[in-house]
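Okay, hi everyone, thanks for having me.

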Amino acid sequence: MPQQPSAQLPASAHVTAAEISRVAGVTRATVSNWRRRHDDFPAPSGGTESSPLYDLTAVQAWLRGRGHTSAASPAEELRTALRLLGPGSGAAARLFPLVAAMSRLTPEELAELATASDDQLIARTEKAAAQLPPAVPEAEPVRYGPDDAGTVRALLGCVREAGAQAALDVLAERELDEGAASGVYQTPEGLALLMARLLPAGAARVLDPACGSGTLLAAAARQGAQELFGQDTLPVQAQRSAVRLLLAAPGADVAIRVGDSLRDDAFPEVTVDAVLSNPPFGDRDWGHDELAYDPRWAYGVPPRFESELAWVQHALAHLEAGGHAVMLLPPALAFRSSGRRIRAELIRSGALRAVISLPARAAYPLHIGLQIWVLQRPEPGGADRTPVLFVDGEGEQRDATTGTPGATVASTAGFGTRGGSRPGRSGSSSSAASSSSGSSGSSGSTFDWAGLTGRVLTQWAAFTAAPDTYADEPGVARAVPLVDLLDDVVDVTPARHVRATAADIDPAALARRVAELHGQLAEQVAALAGASESGGWQPSGASAREWRTATVSDLARGGALTVLRAATPGTRGSKGAAAPAADRPVLTALDISAGNPPSGGAGDVHSDATQPVAAGDVLVRAVAGGGDAAAMTRVADDQDAGALLGPNVHLLRPDPARLDPWFLAGFLGAEDNIASASTGSTHVHVAPGRLRVPLLPLEQQRRYGEAFRRVHELRAAVRRTAGLAADTAATLTTGLTAGVLLPPDTPDSRPGRSA
């Protein structure tokens, strides 16, 4: 093959101030200080006044001139090297083979390679790449030149420090714009593992006809699959998938091809034990006209706007008799009228085994709750058709994250009403935290994949062991006979079929539970009454008190407090950020507004959240709203200690010898204070440095602080009482509507009294 030219340095590569902070391994505040204090800092060479862009080469030269040694992560160093190659350089395709080659070297060999000269580095990496098996599709032999040494060395550093998979993802993100604009999404690891575990044990040959980054096939390999087949329309994705599988399953037989699986199936004669796939959604150009008489359409010709049903039948056509397919599909596929006939045939033949709904934000696209369909290719002369299992994972996840009142108390007695109050701080319900999730930055990454996987797999295992005697779990899962599904609409949406209440509620047990709830509610009402007593509140005099105030910035300059992090609204964990400790919870803005303990996960941690929360810290939401100004602040307690911060949370640490934390939190959260320190209209961003605090002696601060603490306890008591009242009402409604409770006797309802 002729030698490919090495990439040339572009005339200019631009970076933002945030990217400079990651390149230099410093905070954004440090970059801002450099810009203000050093006249020789490179001037903006593009962008806008509010979002300037800087020449990367000039910035790097300035950093070197200052003797600044970069502390950026290896992944960020690789991103910087790739950025210097310029757009359209094809760097990912040229470097994919090197990732696989470097992954096969021992740590000692990698360390030795890192100290080699540029010429030695290029020669040895070329030799290692040439020894790869022909598993990477369309990867022609590549020659590297002297200009590639910097990039290859950055790649080597990333492989050594962060791992080959991290290096692979950095290369792929350079070539792909993953997101809504491109329609290219990566299946979350938790979801991929759940789908793989729905396959029967012993599935050795697995196909993904839209393999993308290879996440699903890698999950199948973790479950024991030894022959992996994949196809994708994008060469970069196919190459990425092939290298990923070489890393994740070095002992497996891997066959990845480039092409359109529907129009140009790369494996027309291959049948497998299982298919795992997250196919494209809503594709109107999938080949309806040219494939109208395709033999794969055993259940009916897919309508033009039902490309997903083409993928479903493509998967079934590749299965051995009795083989399973697990596919991630949009919810509209379950009820659209255009697909009714094919859904009916899938049900009638026994091909559709289960439909599992997922919560919104579990996977892209984030605005809808996707579904997992489990299918099985019918065996000739097989057993009678079994029911279809429906699992409402969406309802379960909603209960766990928003705390909708109703299910927890009922389900503990076996009554299974849908909903579920989740204990928050001091046992409070989190039902107050409803609509602020968008501003708080919560996402699918926060929810409990392990919990959801456990619930789904428990139901699936029980159903597959004995489909005809499977016991429904109210609010979670139900097995529905085929005859009940074959109506005029053939709607297979789980929420339509999963019963919210059990069919065999014990009337005596429910009556006892109602009595317990009434007792708990009476105790909580008494506690609320105690918390709401006047308690000696006195007027300040003929007019409101006046006092001198100082801003948080003033107090920080004077050493009375430290601003450990002033959050940038809307920012979450950034690429190249140091990974947080896996076992540390993350405190989010939603937790502050709802009064919950830290509920976030690693995906919610802020990119510079290296400082854990300590008891006595004052936390301030960075985005105002939600109708409760006092819930803008909170004093961290022992439950919060050690947690990391999520996005949209300011962290202030007062000196207890000069500032009382509750005094500080109370005044910072005042509605007028928040309003005066905020900017924006749709999303109101709070600038913590502009918040004002009265200048009072510490003894007076403590008096105010104790009062603010009592206000906090009152609010917590209100939340607990509201949650318990909602649970009681939901349980009573369940009992009355299910026919297991009778209305109490009243004078007008006793026998013999006229209406």
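**Cores, strands and salt bridges**

Let's start in the middle of things: the largest nonpolar core has 49 residues, and Leu191, Leu198, Leu228, Leu276 and Ile372 are those with the most contacts inside it. By a nonpolar core I mean a set of buried Ala, Val, Leu, Ile, Met, Phe, Trp, Tyr and Cys residues joined through side-chain atoms within 4.5 Å. And buried means under 20% relative accessible area, with exposed being over 50% and partly exposed in between, using a 1.4 Å probe and protein chains only. There is also a second, separate core of 42 residues, which includes Phe229, Leu316, Leu319 and Val490.

Quick housekeeping. This is a predicted model, where local features need pLDDT of at least 70 and side-chain atom pairs count only at pLDDT 80 or more, while totals for chains, interfaces and linings use all residues. Residues are numbered from 1 along each chain as its sequence is written, and side-chain values use heavy atoms, with hydrogens and water left out.

Back to that core, then. What does isoleucine 372 touch? Not counting residues up to four places away in sequence, isoleucine 372 touches a list including Leu191, Leu194, Met195, Leu198, Val326 and Ile356. Contact here means heavy atoms within 4.5 Å.

Now find helix α11, residues 215-222. Helices (H or I, at least four residues) and strands (E, at least two) are DSSP runs, numbered from the N terminus. How many of the residues of α11 are buried? It's 7 of its 8, so to speak a mostly covered helix. The buried ones are Thr215, Leu216, Leu217, Ala218, Ala219, Ala220 and Ala221. What covers them includes α10 (189-197), β4 (205-208), β5 (227-232), α12 (235-248), β6 (253-258) and β7 (272-277). After α11 comes glycine 224, with a positive phi, near 110°.

Let's look at β5 from that list. Why is β5 described as largely enclosed by the rest of the structure? Because 5 of its 6 residues are buried. On to its partners: two strands pair if DSSP finds at least two bridges between them. β5 pairs with β4 in the parallel sense over 4 bridges, and aspartate 208 stands opposite glycine 230 in β5. β5 also pairs with β6, again in the parallel sense, over 6 bridges. There, leucine 228 has valine 254 in β6 as its bridge partner.

Follow the chain and you get two β-α-β units. β4, α11 and β5 make a right-handed one, and β5, α12 and β6 make a right-handed one as well. Right-handed means that, with the strands pointing away from the viewer, the path from the first strand over the helix to the second runs clockwise.

Next stop, leucine 691. Where is it? Leucine 691 sits in the loop between β22 (684-686) and β23 (692-694). Leucine 691 has a relative accessible area of 0%, so it counts as buried. Leaving aside neighbours within four places in sequence, the contacts of leucine 691 include Ala550, Thr551, Val552, Val620 and Leu668.

Last topic, charges. Side chains of opposite charge can pair when their charged atoms come close. A salt bridge is a side-chain nitrogen of Lys or Arg within 4 Å of a carboxyl oxygen of Asp or Glu, and a search of the whole structure finds 19 of them. One joins glutamate 227 and arginine 205, at 2.7 Å, N to O. That pair links distant parts of the chain, with glutamate 227 in strand β5 and arginine 205 in strand β4, 22 residues apart. Glutamate 227 is partly exposed at 26% relative accessibility, and arginine 205 is partly exposed too, at 23%.

Compare glutamate 516 and arginine 513, whose closest N and O atoms are 3.0 Å apart in their salt bridge. Both lie in helix α21 (residues 507-531), 3 residues apart, about one turn of the helix. Is each one buried or partly exposed, and what are the values? Glutamate 516 is partly exposed at 44%, whereas arginine 513 is buried at 11%.
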